[in-house]
Amino acid sequence: MRTSGILLHISSLPSEYGIGTFGKEAYRFVDFLKKSGQTYWQILPIGITGYGDSPYQSFSSFAGNPYFIDPDILCDEGLLKKADYAELDFGDSPDKVDFGKLYQNRYKMLRKVYDNFSQKNFPEFETFCRENETWLDDFSLFMSLKEENGGRPWLSWEKSLKMREASAIETAKKRLAKEMDFYRMTEFLFFKQWFKLKEYANKKGIKIIGDLPIYVSMDSADVWSNPDDFELDASLAPINVAGCPPDAFSEDGQRWGNPLYNWTKMKHDGFAWWRRRVAFSAKIFDIVRIDHFRGFEAYWSIPAAEKTARGGKWVKGPGNALFAALKKEMENLPIIAEDLGFMTDGVKKLLKKTGFPGMKVLEFAFDPNGNSEYLPHNIDVNSVAYIGTHDNEPIVSWLDNVSEDTRTFAEEYMNLSSDEGCNWGVIRTLLSCRADTVIMQMQDILGLSGASRMNTPSVVSGNWTWRVRGDCINDWLADILYKKTSLYRRIPNENGNF
């Protein structure tokens, strides 16, 4: 079945409060997707962002980002007064997220919410806490201790807490009971608003594609509460960390710094942590994109003492044993495999064995001297095709920055013209390709420049901030998209056929 969708992260939605939320603009975007004939809304990871503001480095792989909780919905529910947040400074740019101001003021607002919340009776809150206790209790204690320790990473905490000695943990739970309830509340409100939005989207025929990073942050509740699942030494410091090897784009490679999994231990317990994580993701999303799929076949292991990725080596991953364990728990795994990067025969065999659709990116296709598998005529039907991902330049700036030979080949292949607009010519090419599913970045639909790029890998600051202006999401644009999507037979009817 041929379908299409749009990639736009929650943070990039318009709003009056400094960052996109689960409020009225999210519902308006769902309506836009429906009017434009789309089937999917793809987003980035929705976890709490920390240092660097990256959604791929979160304090928990289960918890949601409180920044996305909509203040107006809280006001309608009687948990806030407009005056409680109308004057707070969440940032004044409609185009960029100011994470510093959000950090300073969003939690001030949520503390006021907690004062009102704690005086009310929410039976569904107790149900939520009970149903999510396998991660929620550790997360709420982790965040409470982190705040008590001035935000410092857990490796620098008092030894008894760092090592999770039973007596120290029980004492902390009693001491921080109120603070833990605050963090439980933020998660309750987050998922309450999220599931209501998801239900609305699903009723409109829109499915949500969520994003699951392969690795978790070292400074996270995941590692602190499950140290045996990671390659840590006796003091719980990482032995080896994740990254990718030197290549044509980076002579030092990339040292991400995430702790590596102890796959031997994980395999021994049937990959219990991964089964919980993927089952949870399958509950909150309709389809899950797993980032850096090639790391399950083999991953780049860098000694933690190394400052660059040069000293790393390839180590065999869990392979299909992990996915076989996941399929035992969930018969129909709704997964997209992010199989970009250095592809070996082993990775290709693993992808084929799992049956998951891989990803194809047009910006990687136009080697004037080659016949790339990403060229539209070579793309597998069982694929999800993109112009570019959140890590790539918008197509307008990509065309400006590639070599003259590459641009000439791309223009001739896709028959690009200034009359049509180069971004629309590339979108036409994408929609017409063989892949079952195609996803368009909102930046490319709008024909925006490189200033709208979501992320530049290996650049520490300035990423993840782009936002779309509200007037860009309109019926005129939806009508254009609908006609193009229909032309290439990507609007299924209620029976699943065009």
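Reply:

**The open sheet and its surroundings**

In this predicted model, an open sheet is built from 4 strands in the order E5-E4-E7-E8, with antiparallel pairing. Its edges are strand E5 (254-259) and strand E8 (313-316), each of which pairs on one side only. From one strand to the next, the twist averages 50°.

Trp-300 has Trp-314, in E8, as its bridge partner.

Next come the aromatic rings. Over the whole structure, a search finds 57 aromatic pairs. One of them is formed by Phe-22 and Phe-190, which are edge-to-face, at 5.1 Å centre to centre and with 65° between the planes. This pair links distant parts of the chain: Phe-22 is in the loop between strand E1 (3-7) and helix H1 (24-35), while Phe-190 is in helix H9 (residues 177-203), 168 residues apart. Phe-22 and Phe-190 are both buried.

A second contact also involves helix H9. The ring centres of Trp-194 and Phe-285 are 6.1 Å apart and their planes stand at 75°; because that angle is over 60 degrees, the pair counts as edge-to-face. Trp-194 belongs to H9, whereas Phe-285 is in the loop between helix H12 (272-284) and strand E6 (287-290), so the contact ties together parts that are 91 residues apart in sequence. Trp-194 has a relative accessible area of 1% and is therefore buried. Phe-285 is buried as well, with a relative accessible area of 5%.

Charged groups also meet aromatic rings. The charged end of Arg-106 sits over the ring of Phe-90, 4.6 Å from the ring centre. In another such contact, Arg-277 lies over the face of Trp-274, at 5.0 Å from the ring centre.

The largest cavity holds about 230 Å³ of space. It is lined by 25 residues, and those closest to its centre are Pro-45, Gly-47, Ser-60, Ser-61 and Pro-213. Strand E3 (207-212) and H12 are the elements that give two or more residues to this lining. H12 supplies the largest share, 4 residues.

Notes:
Residues are numbered from 1 along each chain as its sequence is written. This is a predicted model: local features need pLDDT of at least 70, side-chain atom pairs count only at pLDDT 80 or more; totals for chains, interfaces and linings use all residues. Side-chain values use heavy atoms; hydrogens and water are left out. Two strands pair if DSSP finds at least two bridges between them. Axes are lines fitted to C-alpha atoms, for helices over the stretch in contact, and angles run from 0 to 180 degrees between N-to-C directions. Rings of Phe, Tyr and Trp (its six-membered ring) pair if their centres lie within 6.5 Å; planes under 30 degrees apart count as stacked, over 60 as edge-to-face and the rest as tilted. Buried means under 20% relative accessible area, exposed over 50%, partly exposed in between (1.4 Å probe, protein chains only). A charge sits over a ring if NZ of Lys or CZ of Arg is within 6 Å of the ring centre and within 35 degrees of the ring normal. On a 1 Å grid over the protein atoms alone, a cavity is a set of points where a 1.4 Å probe fits but cannot get out, and a pocket is an open set with protein on both sides within 12 Å along at least five of seven lines; lining residues have an atom within 4 Å of a point. Grid points are joined across faces, edges and corners, and a volume is the space filled by probe spheres set on the points.
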